[in-house]
Amino acid sequence: RISLLHRHLLFEMRCWRKFGCLLSLAGLLAALCALTVWLGDCSSRCAAQPVSSSSTASPTTPPPLSGRALRLHRRNCADSLAALADLRRVKASVRQELVRMERERTKIMQQIRASRIELANLMRNQRKISADTEIARSDLAALQIRLAEADQRNLPVLRLPLNISTLKSASAVDKASEGNCGLVDCFDYARCGLADQRPRFALLYSATDSLTDAARLLNSSRRLLPDSMSTNVAVRDSCLVLADVGSSSKSTLSAVPAATNLVAMLLLPASAASERLRRGLIAERPRAVVASRYQPSGSYRPGWDIVMPAKAPFRSASDLWAALPPLVPARRPRLLAAPLLPGANSSWWRQISDVDRLVLDELQRLCRSDVVDNLTSKLELPALAGATFCPILAPAGAPLSTLGGQRRLLDCLLAGSVPLILGDMLPPFGDLLEPLWRRAIVRLPRSRSSELAWLLATYSDATLLELRRHGRLLLERHLGTWRAQAATLLTLLNRRLGLPGPAAVGPTGSSALLPGHSRLLMGRVPSHFDETQDYLGAVEPPLDSVLFQHNYTAPAPISQLPNPLLNYPSLPGHPPPPPTDAQFNGSAYGYRPINHSMGTGGVEFSRAAGGNLPAEQFTAVVLSYNRESVLVGSLSKLAGLPYLHSVLVVWNGERPPNPSTVWPDLGGVPLHFIRGPGNSLNNRFLPWSQIRTEAVLSLDDDVYMRQDELVLAFRVWREHRDRIVGFPARFHARSGSGWVYDSNQTCEYSMVLTGAAFLHVHYLHLYSYWLPAALRAEVDRLTNCEDILMNFLVSHVTRKAPIKVTSRWTFPCFGCSQSLYKDDSHFFERSHCINYFSGMFGYNTLLYSQFRADSVLFKTRLGTDKVKCFKYV
């Protein structure tokens, strides 16, 4: 048995040595334990054997051994005891070896776990590096595509040319004479190069004549001009000189060199002295541009001289908007107001022709007629406000423009009456504002005076309202204030010279974060949209819109510019450039082919996102107020959103955001915190300089939107860039003599809430810098209605209704303890806003619509082998 155990021990030891197996060690230890027990039993029997005696032996006790057998038995017991001691030493050694190996195994397992963690980190870093590499490759591909497009199409970029040579004065400049002046013959382009760094305008007027109309106009121009276009430098270093040549003309003109491009401001009443001054000015400076209200038919030079308006009636835009009459009703109590008749002793009356006398007689007959009894002969402004048409007689042979005629035209517009010009009369700033004048006034030959009653009756109500609306636009933006007149004059000169103005840059805004906390704590956001992200398309890298590409090459409608002297990033009416084959096939724009077995065929809809337009993105502007937890929830919904360029959080709270807040990681999309100038809802629509895209997504901090809804709305906006495209819609309804605001679900809507809506960045400029301050002050007073005012503005400019997307009607905010719309006075205030804005705009600009934009296959039943671009919208 000992040999068997010995062989077993040797076998276990060989297994342990060969394989290092813990199971073999366990078996060896078990064998040693068994052998120890057996040998202990044997030793106990050997030790007890000699003590036994024959007298006390029991009948069952074996007989005592002989001497030799006893010696042999004792020798075997000693050998067994020695073997037992050896086995105990082996057992102790094996136990120690087991403890050591267990210690080493624990250390190896710890190393394995650490290696696995390090491997996971390395794999995560590798994936991040791969993603960054792909983004960098996409950015590089996008830049290469844009560079190839610019080289292929030769897009004019608004930048200074390189190494441009200075133009030399043409010989035609020295040959200019009275009567044939024009830009080709009389203007020195060498002083106004595109890359010239000299100031563009120099303004000269005497301080002693600061109350004259010309001085007021030039003073307003000085305050309006950017520093890059007008500085206090010598006249000889400027491109164009605007000088007041009124009562102190000699001292003013003496400071202007003869070779200088001169615009002579001659804003004096028509008289013999002013006529002599004009003749002397043209004789002394034949190359000067004469800007005057009096333009004789014989000496007026079209395209060179400028017809100026009458004196501006208001000092500020707010005063003008508050004084203008409403545009409705379309037809007023009287059809026609009597013409303005000069004094019987005036020189014009003595020189009137026989045809003009017939026209006056016919107008007076109509005023006294019993058939057309809705005429008036009163000349006061209230009387003009009660007439639909306001006649302005321009007799034959008279000057093309007079101070009296310009005053009459301005009075007609101020009264809200449609100007009716009989004869040849030049409106102010005609070569610049001619498209607006054609839509604001009615021109008829004098021989049609006998048919006026029939002709004027043919105008429909819609046509009358459009004529009156464009007349109001002329007052608001070009004629009503000194600032508006100055901006229009400088813009006219700018357009004639073909010189672009400086870029209009919005406010930068200081960071809302505490000093020392410029780096936000970013955390990963779990995916909330697994079921809706299947067909949204690839996420594109941030790509700025092509800014300022149309300002120099395309004519811009100055009626939609808050400051016509500046260049704006783009206008809603400017179409984007068409996509190229490189854009369609470029991975940088997120275009990827779809599986044809899915049943749709062709390519994914993201390729043609928004009317086959090239890839562009939008900037999300989120207005927030001391609600970090709510803001984190809404921002997390934007993580991984396609077409998202950047996120601007306009912080209206009194305190900075909590530096310990963990903000969601938006997948590489920049997140900016901007402190607004005070707690104002108008901060939502400031054109922040951080906005580098044409499309702006206006969001509230408590709005939780699905990504498929936002993508669909953005694609709809791409096809309707001049409208507000959003989700919850509201409408206004008539209540007595006023309007009420309603949020019930109806078949029509007239407003889209800007708590989640897409709009063009240019409307931010109009809202912040063109609307009168009184409208924004009303929003601040009520802390409400900024979205209604934006809807009024866009509908007023475009005469188009907003577009509602999807069936969403409300914005449920989970966890929001306070909301403005929960206040009991919310609907009352918004109804007040509609009535107040209608009075300021002169009419209710809101338009109804029954259109809603959904995806094409929405609610369409398809087979299992077909898919939809959007499952739920």
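These questions and answers go through a predicted model of one chain. Residues are numbered from 1 along each chain as its sequence is written, and side-chain values use heavy atoms, with hydrogens and water left out. Local features need pLDDT of at least 70 and side-chain atom pairs count only at pLDDT 80 or more, while totals for chains, interfaces and linings use all residues.

Trainee: How many helices and strands are in the chain?
Mentor: Helices (H or I, at least four residues) and strands (E, at least two) are DSSP runs, numbered from the N terminus. The chain has 24 helices and 23 strands.

Trainee: Which residues in the largest nonpolar core touch the most other members?
Mentor: A nonpolar core is a set of buried Ala, Val, Leu, Ile, Met, Phe, Trp, Tyr and Cys residues joined through side-chain atoms within 4.5 Å. Buried means under 20% relative accessible area, with a 1.4 Å probe and protein chains only. Of the 67 residues in this core, the ones asked for are Phe 201, Leu 242, Met 265, Ile 306 and Met 308.

Trainee: Which helix gives the most to this core?
Mentor: The helix in question covers residues 482-497 and gives eight residues. Its name is H17.

Trainee: Why does the core lie between domain 1 and domain 2?
Mentor: Domain bounds come from an automatic or database domain assignment. The core lies between the two because residues come from both domain 1 (189-292) and domain 2 (317-341 + 356-497).

Trainee: Which residues of H17 does Leu 242 touch, among Leu 489, Leu 490 and Leu 493?
Mentor: Contact means heavy atoms within 4.5 Å. Residues up to four places away in sequence are not counted for Leu 242. H17 spans residues 482-497, and the contacts of Leu 242 include Leu 489, Leu 490 and Leu 493.

Trainee: At what angle do the axes of H16 and H17 cross?
Mentor: Axes are lines fitted to C-alpha atoms, for helices over the stretch in contact, and angles run from 0 to 180 degrees between N-to-C directions. The axes of H16 (residues 461-479) and H17 come within 6 Å. They cross at roughly 80°.

Trainee: In what order do the three strands of the open sheet lie?
Mentor: Two strands pair if DSSP finds at least two bridges between them. E19 (738-742) and E20 (751-752) are edge strands, each pairing on one side only. The pairing is antiparallel, and the order is E19-E18-E20.

Trainee: Which helix packs on the sheet?
Mentor: This helix touches E18, E19 and E20, and its direction makes about 135° with that of E19. It covers residues 826-841 and is H24.

Terms used: Buried means under 20% relative accessible area, exposed over 50%, partly exposed in between (1.4 Å probe, protein chains only).
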